[in-house]
Amino acid sequence: MADSVVSFNNPVFASYAAYAGLASMKMMGMTLVTVYHRLTKGVFMNPEDTSFGPKDKTVVRTDHPVIERVRRLHRNDLENIPPFLVVGFLYVLTKPSSDVAVWHFRAFLASRLLHTACYLGGLQPWRAVFFFAGFATTVSMAVQVVAKGSL
Amino acid sequence: MADSVVSFNNPVFASYAAYAGLASMKMMGMTLVTVYHRLTKGVFMNPEDTSFGPKDKTVVRTDHPVIERVRRLHRNDLENIPPFLVVGFLYVLTKPSSDVAVWHFRAFLASRLLHTACYLGGLQPWRAVFFFAGFATTVSMAVQVVAKGSL
Amino acid sequence: MADSVVSFNNPVFASYAAYAGLASMKMMGMTLVTVYHRLTKGVFMNPEDTSFGPKDKTVVRTDHPVIERVRRLHRNDLENIPPFLVVGFLYVLTKPSSDVAVWHFRAFLASRLLHTACYLGGLQPWRAVFFFAGFATTVSMAVQVVAKGSL
């Protein structure tokens, strides 16, 4: 009779799943940005990788400013997106109002995309603003999950 | 009739959800510790961040001992808490005894909190002890998940 | 009547759970490789850890080539395995054909194990090949999740 909460028939779950999939791909996409810069700049972390770079112009170093910027951004994703993925799922199980839930997911993904643009462009204080917007979204859901759970 | 396993009506799931939410917030909280130290010490990783520090006393460096300690601890969380979040959920699906399950979750969170205190305080061998306690808790659940699954 | 999709009675879920548990343990196992090298080589990141090394031969440094290689590999796991864990679960909810699904899980784990061997052995272009095989597996599942979800 009643559809399961954990099902694409539940609109809140279907929304969570779409945003979770996009956030996962966004995070993984940072690898492609790093690979692009490594190949075009000939800057690698492992000696055996240097054969991929422009001939006679490759180097092993871990302090290239553009590449390390991408890696710092990627690490920031690692710190924030996996918690969102799990907490968002548990939040769906608390059966939140559909509108409120969907806006949580939208706010998180939008914040992370804007955070990415600001990090790559070196834009402060906007990077901080969008970081904390995404952070607050996940904390908001986590608080509701903990409140509904039992210790 | 029977409540779904994946529901806050299942006491084991409700317990998992509460500890998963707390562990997620604990991990994300490391960012706030890093931000606190960066703002008070004026030590940043990006040139555009220096406007946030104390006037005329900010610097871009990635080797401040206190800040790098917090970042090493944060990375250790990244290595251990996301696996717990997913494995813990799958473990709930194996329908473990309620008492055993809840103590797994409590042992994990307590271990990680004590690990954090010991890392910040530089206390060995206690940091190693609490690290391996949390590690063993996750492995214990993962083994039960794999045993119940099919390859 | 009908078994829940999120249940070990669902063969696709049981397969996902087994591979998710193994992938989690594989990722966590990288810590043990790091610890092994630190203890035998006496190379640590924190001053208080040096008491664990061979007497009179320990040092605090963060640029040992073997240990940093293991840590780069571990970080690559952090970038790829948590997204697989979550996306794989959501993919199960899309009710894929059992054969196709199980081969996604097998391809991912096999790719990551071969990637690990190639990273430790410094084998290119094989490391890149297996990296992108695992990457493509997760993206394939994520695309199907997003397509079934709603924005």
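Biologist: What makes residues 128-147 of chain A a helical or a strand span, and how far apart are the end C-alpha atoms?

Modeller: The span is 100% helix and 0% strand, and its end C-alpha atoms lie 28 Å apart. Helices are DSSP runs of H or I with at least four residues, strands are runs of E with at least two, and both are numbered from the N terminus. This is a predicted model, in which local features need pLDDT of at least 70, side-chain atom pairs count only at pLDDT 80 or more, and totals for chains, interfaces and linings use all residues. Residues are numbered from 1 along each chain as its sequence is written, chains are lettered from A and ligands numbered from 1 in the order in which they are written, and side-chain values use heavy atoms, with hydrogens and water left out.

Biologist: Which residues of chain A does UniProt list as "transmembrane region"?

Modeller: The unreviewed UniProt entry lists residues 16-36 and 128-147 of chain A; positions follow the numbering used here, feature names are shortened, and annotations may be inferred rather than shown by experiment. Residues 16-36 of chain A are 100% helix and 0% strand, with end C-alpha atoms 30 Å apart.

Biologist: Why is A:T138 called buried?

Modeller: Buried means under 20% relative accessible area, exposed over 50%, and partly exposed in between, with a 1.4 Å probe and protein chains only. A:T138 has 1% relative accessibility, so it counts as buried. This residue is found in helix α4 (residues 126-148) of chain A. Leaving out residues up to four places away in sequence, A:T138 touches A:P83, A:F84, A:V87, A:F108 and B:M28, where contact means heavy atoms within 4.5 Å.

Biologist: What relates chain C to chain A?

Modeller: A rotation of 120° with 0.0 Å of shift along its axis superposes chain C on chain A, with an RMSD of 0.0 Å. That is the relation of a three-fold axis. In chain C, the C-alpha nearest the axis belongs to C:P82, 3.8 Å from it. The superposition is by least squares on the C-alpha atoms of residues with pLDDT of at least 70 in both copies.
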